[in-house]
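Hi everyone, thanks for coming.

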Amino acid sequence: MTNPALAPYDISNYQGIKGKNFFEIDIVLQDLLLVQDFSQSENEAIRAHLAGYGKLCSEVLDPLVQAAHRENKYGELVRFDRTGNRIDAIEYCYEQKEVRRLAYEYGIVNLDFHPNWRYPFTMFHKMALAYLSNQMGEAGLNCPLAMTDGMIKVLKAIGSPEQQRKYLPLIAGYGSSSHFMCGQYVTERVGGSNVSANRTVARPLGNGKWLLTGEKWFCSNPGDLWVTTARVEGTPTIGLFLVSRYKEDGSLNGCHLLRKKEIMGSRGKLTCEAIYEDCEAEELGRPAHGLVNLIKYVINTSRLHVAVAALGMMRRALAEASAYVQQREAYGKKIIAYPSVRKILSQIFVSLSGMVLLSFYNFKLAEEEHLLSQLLTPLLKYITTSRCTRFIHECMLLHGGNGILLDFSVLPRLLNDSIINETWEGTHQIISEHVLKAYQRPKVAKALNHYVEETFASCPAPFKSELHSLREIIFQELSIFAESRESYAEMNRLYFCERLFDLLVVIEAIRHYLKMKGKKREELYLAILRGLFELARRDFHGPAEKTGVFVPGPENNLLLSAILWEEKT
């Protein structure tokens with residue numbers, strides 16, 4: 001007798017979003033490109049490049065990443081060669097190295113070094129590529145991508161002509177064999193975010209050369225070149241330095257890797273502990289400006305990448321959950337038919353869409369070194385990373401028991417990567433302090449007020465009263481934070497960040513809706529805007545408003561259909 005329990009069932013051949021072009025199914029990213037201030041030819045070139053990378057990610061890189069994230073495939077630290085010579089080398093599996101090679105050669109960090117690319121490599125383009133890339137999770141690629149981008153930026157900005165000539169071809173050059181092998185060695189065991197507590201000492205040798213003696217507790221992505229910090233000998237000054245794996249004479253430098261960190265996520269790339277013993281280094285910019293340059297060029301770049309990583313991982317989790325509930329059945333009907341499922345999916349989509357819109361606006365501000373970015377960068381680092389972990393968990397729950405299976409979907413790995421992403425470049429308690437300090441700067445406050453009031457002046461009439469009410473309520477709630485240094489304001493910094501975001505994400509959604517007026521998807525962005533207004537008025541799991549976009553109806557159908565977009569022909 002045939003075993004009836006082994007007969008094919010609803011998800012016998014389930015593939016999730018396997019093979020679907022990450023760019024082509026993301027209508028919000030496509031429409032963001034549509035409204036950028038590019039010429040038609042540049043817009044078309046960027047669209048083709050993004051579509052090509054979306055295809056490469058889904059069809060080639062994603063399977064390689066999955067293969068590289070199996071037991072016995074993770075990178076290993078090899079401290080000595082077979083004859084006892086110290087080499088302090090990192091060995092990755094073939095699949096992991098291929099992921100890095102293919103992504104590097106596609107130009108996701110160095111397109112401006114490609115001879116055949118004839119347009120500027122804008123922040124929009126770069127971060128759109130990073131957004132697509134992070135839909136594979138950290139992948140052993142995207143943290144190194146962030147650090148390589150930071151290294152390129154700091155070398156271009158404050159590197160000496162000799163440093164630029166020597167190192168830029170290595171880390172960004174077309175055809176280089178160094179594929180995202182830049183790192184950051186900043187944290188020491190005495191303090192994480194408190195870099196001023198560094199105990200590593202830098203002793204000057206003259207001609208911009210230094211010797212470092214000390215330790216580093218988190219050495220992310222050990223490779224060819226890294227930035228590090230150290231206290232200038234005999235002073236309280238923390239300098240910023242550039243360290244190569246090899247000395248000028250070709251011998252191994254005095255940085256000894258001690259052990260691999262056993263981190264719960266982001267396992268595709270290694271993080272190690274290291275000791276500096278007369279390690280040769282070069283000053284990067286003026287040593288007296290070390291902390292300022294570290295934050296301006298390295299940390300802020302990483303924070304932008306942390307935010308876009310969260311966006312990418314949320315996007316992948318939402319896409320996988322949407323695909324699953326459309327195929328999986330429970331109690332005689334598809335899971336997507338249940339109103340509670342439709343509510344949670346459409347809320348995640350609306351919330352994510354708002355974060356994408358505001359983040360890409362901030363990427364443009366950061367590129368222009370606009371004052372408002374001093375506020376938005378730390379704010380979005382907190383908001384995106386905290387919501388990413390929450391939303392991935394929600395999407396896992398929509399998979400039921402299959403959601404916690406490591407070999408069923410990418411979601412468990414995304415969840416672990418997301419938790420790590422929350423910690424990078426400042427935990428919530430640290431980053432919220434940076435938001436509050438920026439908010440209290442008069443010039444930043446002026447830029448913020450201009451952004452809000454300018455949008456209010458152009459707000460469509462149906463939303464003007466609603467925006468006025470939201471603005472007044474939130475600014476009244478935040479008034480205590482404007483100048484206060486009292487403990488009450490300090491202890492409620494996270495609430496401050498949440499409410500400030502509630503207002504600013506609506507502001508940016510209005511701006512985007514106005515750009516989309518008269519275009520064929522105007523109704524979609526109207527529904528997103530209405531949804532963001534509603535989410536600003538209630539808790540995420542609070543009751544849906546009876547006339548809102550999250551209850552069954554045409555607007556809710558529109559939101560759900562936009563999650564996995566397929567252009568109708």
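Let's begin with the largest cavity, which is lined by Asp-26, Val-28, Tyr-131, Arg-315, Phe-349, Leu-352, Ser-353 and Val-356. Before going on, the housekeeping: this is a predicted model, where local features need pLDDT of at least 70 and side-chain atom pairs count only at pLDDT 80 or more, while totals for chains, interfaces and linings use all residues. Residues are numbered from 1 along each chain as its sequence is written, and side-chain values use heavy atoms, with hydrogens and water left out.

For the spaces, we work on a 1 Å grid over the protein atoms alone: a cavity is a set of points where a 1.4 Å probe fits but cannot get out, a pocket is an open set with protein on both sides within 12 Å along at least five of seven lines, and lining residues have an atom within 4 Å of a point. Grid points are joined across faces, edges and corners, and a volume is the space filled by probe spheres set on the points.

How many cavities of 30 Å³ or more does the structure hold? One, and the largest cavity has a volume of about 40 Å³. Helix α8 (residues 339–367) gives the most to its lining, with four residues; helices here are DSSP runs of H or I with at least four residues, numbered from the N terminus. By class, that lining has five nonpolar, one polar and two charged residues. Ala, Val, Leu, Ile, Met, Phe, Trp, Tyr, Cys and Pro count as nonpolar, Asp, Glu, Lys and Arg as charged, and the others, Gly among them, as polar.

Stay with α8 for a moment. α8 and helix α16 (residues 522–537) pack at an angle of about 95°, with their axes 9 Å apart. That makes α8 roughly perpendicular to α16 (65 to 115 degrees; over 145 counts as roughly antiparallel). Axes are lines fitted to C-alpha atoms over the stretch in contact, and angles run from 0 to 180 degrees between N-to-C directions.

Now for α2 (40–68). Its axis and that of helix α3 (residues 94–106) come within 9 Å and cross at roughly 170°, so α2 and α3 are roughly antiparallel to each other. The contact includes Tyr-53 and Leu-56 of α2 and Val-99 and Leu-102 of α3. It divides into 13 nonpolar, three polar and two charged residues.

α2 also takes us to the second largest pocket, where α2, α7 (290–327) and α10 (411–423) each supply at least two residues of the lining. About 910 Å³ of space lies in this pocket. Of its 31 lining residues, which lie nearest the centre? Those are Gln-66, Leu-406, Asp-407, Ser-409 and Val-410. The lining divides into ten nonpolar, eleven polar and ten charged residues.

That's my tour, and I'm happy to take questions.

Note on methods
Angles under 35 degrees count as roughly parallel, over 145 as roughly antiparallel, 65 to 115 as roughly perpendicular and the rest as oblique. Contact means heavy atoms within 4.5 Å.
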